[in-house]
Amino acid sequence: MRTENSRQSKWKIAAAAVITGVVLGILTCTFLNAVREQLWKQSINTILESTQQGRNTLQVQLEEDYQTLSNIADYLHQADQPDMLDSQLTNYGQMDEGVSLYQENGVCLPSGTQADEAVALALMDNEKAYGVLDPHISSVTGVNVFNLFIRMAMSDGSTAYLVKEYEVGAIVDSFSLSFYQNSGFSYVVDVDGNVLIRPPHPNSNKTVQNLYDILRESGNGEDSLQLFTESLAGAKTGWAVLSYQGEQTVFCYIPLKMGSDWYLVSIIPQAVVSAQTNQIIRQTLTLIAAIITGIALLVALYFYYARQTAKRLRSQADYIGHLYNAVPEGIALLTMERPYRFIQLNREGLR
């Protein structure tokens, strides 16, 4: 009977252990999934914030130059004679190079300045009050440049454009980004996906001309591509996971605005982003495993000492029983109250 009860007790303990293990497993999986999702969101937010900082660096510089061009335009508007225009632009050019005035008659000031053919063509019949001209190879210097411009009315009623030129190579380092130990980088693209400025990053594709084309060639579905292109067309800020050069890649995009259709797009392999998350998950699993192991060891230690104590008690009881039965006289153990009943008799008493 005692053996049967002991067997049932062991089965109950085993069943309780299995149920506890299953519950702990479910809770652990739920916890890890929540942690993984939270870490993923945090990683995406970090990339977006870094991309925004890079965008802000370029944006602040352009805003300052827009304001400077606006101030120059106010002074030039008051100049009635070409000589005055030329003198003022020459004086300003001594402080800040790259500023020139493109007039309707094709003249470019200050005197001696050659007009960039691509700039002159882009400004022809341009009705925008201000904006950014896409990077191109300057017909004057042969260097990759882009331009800011402000449309202004001259005192004689004609229209002119005040233009500031930037060398892409000289400015790209100020806003280009690097992520996750130099695994990620950023492009500047327009709303049509054309790569306007590429970083000096070793992993960036030096030959790709259009981001949409290479994404389409990488086997991405039309639905995901359409959603991505519509987001850029709508001047939205966001992120997407797309196949790029044979691997899943995170794309974070932020519009530059400032009168342009430019976007700063950060590109980071998803495996690199997930690796950091997985490392934290592994550390969390190691901690949980250590805690469970510690608890299991404490429980095992408790049962070990319980068995040892029960064994000692049984040995003492057997020894006392042996002494009890070894006495030559009859010994009886009775209840203390009426009716007196025998609880135990030794062998001699039974005889």
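1. Basis. Residues are numbered from 1 along each chain as its sequence is written, and side-chain values use heavy atoms, with hydrogens and water left out. Because the model is predicted, local features need pLDDT of at least 70 and side-chain atom pairs count only at pLDDT 80 or more, while totals for chains, interfaces and linings use all residues.

2. A salt bridge is a side-chain nitrogen of Lys or Arg within 4 Å of a carboxyl oxygen of Asp or Glu; the count comes to four. One of them joins Lys41 and Glu37 (3.5 Å, N to O). These two are four residues apart in helix α1 (residues 2-77), so about one helical turn separates them. Helices (H or I, at least four residues) and strands (E, at least two) are DSSP runs, numbered from the N terminus.

3. Salt bridge between distant parts. Arg151 and Glu127 also meet in a salt bridge (3.6 Å, N to O). Arg151 is in strand β4 (residues 144-153) and Glu127 is in the loop between α3 (117-123) and β3 (130-137), 24 residues apart. Arg151 is partly exposed at 33% relative accessible area, whereas Glu127 is exposed at 60%. Here buried means under 20% relative accessible area, exposed over 50%, and partly exposed in between (1.4 Å probe, protein chains only).

4. Arg216 and Glu222 form a salt bridge (3.9 Å, N to O). Through shared partners, salt bridges join Asp213, Arg216 and Glu222 into one network. Asp213 lies in helix α5 (residues 211-217) and is partly exposed at 40%.

5. The buried residues of helix α6 (residues 222-233) are Leu225, Phe228, Ser231 and Leu232. They are on the same side of α6 because they cover an arc of only 125 degrees around the axis, taken from the directions from the axis to the C-beta atoms. The face turned away from that side carries the exposed residues Asp223, Leu227 and Ala233.

6. Surface patch. Leu287, Ile291, Ile295, Val299, Tyr302 and Phe303 make a nonpolar surface patch of about 600 Å². Patch residues have over 30% relative accessible area and no salt bridge; like charges are joined within 9 Å, nonpolar side chains (Val, Leu, Ile, Met, Phe, Trp, Tyr) within 5 Å. Areas come from the Shrake-Rupley method with a 1.4 Å probe; for residues, only the protein chains shown count as cover. Phe303, in helix α7 (residues 270-326), is partly exposed at 34%.

7. Cysteines. The count of disulfides (pairs of cysteine sulfur atoms within 2.5 Å) is zero. Cys29 is partly exposed at 48%, whereas Cys252 is buried at 0%.
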